[in-house]
Amino acid sequence: MRSLFFIFALSLSLTSHALTDSRVPGGVALIEVTEDEQPRFRDQPVLTVLRDGQHVAVVGIPLSLKPGNYYLETVNRRIPFEVTGKRYLEQRIYLDNTRQVNPNPLDLERIKKEATRQRGVLNAHNGSLDQIELILPVEGPISSPFGKRRFFNDQPRRPHSGTDIAAPIGTPLQAAAAGRIALVGDFFFNGRLVIIDHGEGLKTMYNHMDQIEVSEGDQVSQGQRIGTVGATGRVTGPHLHFGVIINGASVDPALFVDAINRLPGN
Ligand SMILES: [Zn+2]
């Protein structure tokens, strides 16, 4: 009964929210599969949803992936698909705190540990997914969209893996969907952060927070307050860095949160 309800809810959310096929780095490929095919992409299990009676794999395509031909692997076949290039805009950020651009050896040790911990959480694939439709964690203008190619003090760094939404320090943040708090931390670059695991490899990430009001292991519901906007970590002003991760890949949150497309500055 419970699984029937989930299937019904998923098909509802996919038809009401147009999750679109976007086969570019940072996008998602929607690929039809049969039940129990257990699709995988680059050694990561891929989440599937039921849409109009058809099982569909929602494949997260990493921003770092080179355009070309790839395969979705299933238990009995390989399904080819093509990833085409996307030219994201460039962003130049200037920071007075040069340690945030060229960290010292002690910082680098810390950054490495944090990256390993974060990677472990983001790659996890546990539990069943309740809903694929996400809500906006906070309202505000977009101060930096997803995917921008970044230069800090003119030095190239990794592209922007989330959407930045500007809001004053202390503005409440809400969970984009129901899930389990998988990580709470205070990281060198990300500042105070929360990662929510929504099941089947779907995660959302909230960086640069001021107050964190949840603990690891807590179950949260969609829209539940998890803390407040801050300016912790590597920032030039208060904002939420909101990330959406599936099968270990950071993808464009605007694909999952329709409301992002209506925020000013996008
Ligand atoms: Zn950001």
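Start by selecting residues 2-83, which make up domain 1, and then residues 90-262, which make up domain 2; these bounds come from an automatic or database domain assignment. You are looking at a predicted model, where local features need pLDDT of at least 70, side-chain atom pairs count only at pLDDT 80 or more, and totals for chains, interfaces and linings use all residues. Residues are numbered from 1 along each chain as its sequence is written, and side-chain values use heavy atoms, leaving out hydrogens and water.

Give each domain its own colour. Their C-alpha centres lie 23 Å apart. Now show the contact (heavy atoms within 4.5 Å): domain 1 supplies 25 residues and domain 2 supplies 26 residues.

How much area do domain 1 and domain 2 bury between them? About 2,000 Å², with 66% of it on carbon and sulfur atoms. Buried area here is the accessible area (1.4 Å probe) that two parts lose on being put together, summed over both.

Next, select the parts of domain 1 that touch domain 2. The elements giving two or more residues are α1 (2-16), β3 (44-45), β4 (47-51) and β5 (54-60). Helices (H or I, at least four residues) and strands (E, at least two) are DSSP runs, numbered from the N terminus.

Finally, look for salt bridges between the domains (a side-chain nitrogen of Lys or Arg within 4 Å of a carboxyl oxygen of Asp or Glu): the count is zero.

Zoom out to see the whole chain, with its two helices and 20 strands. Its C-alpha atoms fill a box of roughly 55 × 40 × 35 Å, taken along the principal axes.
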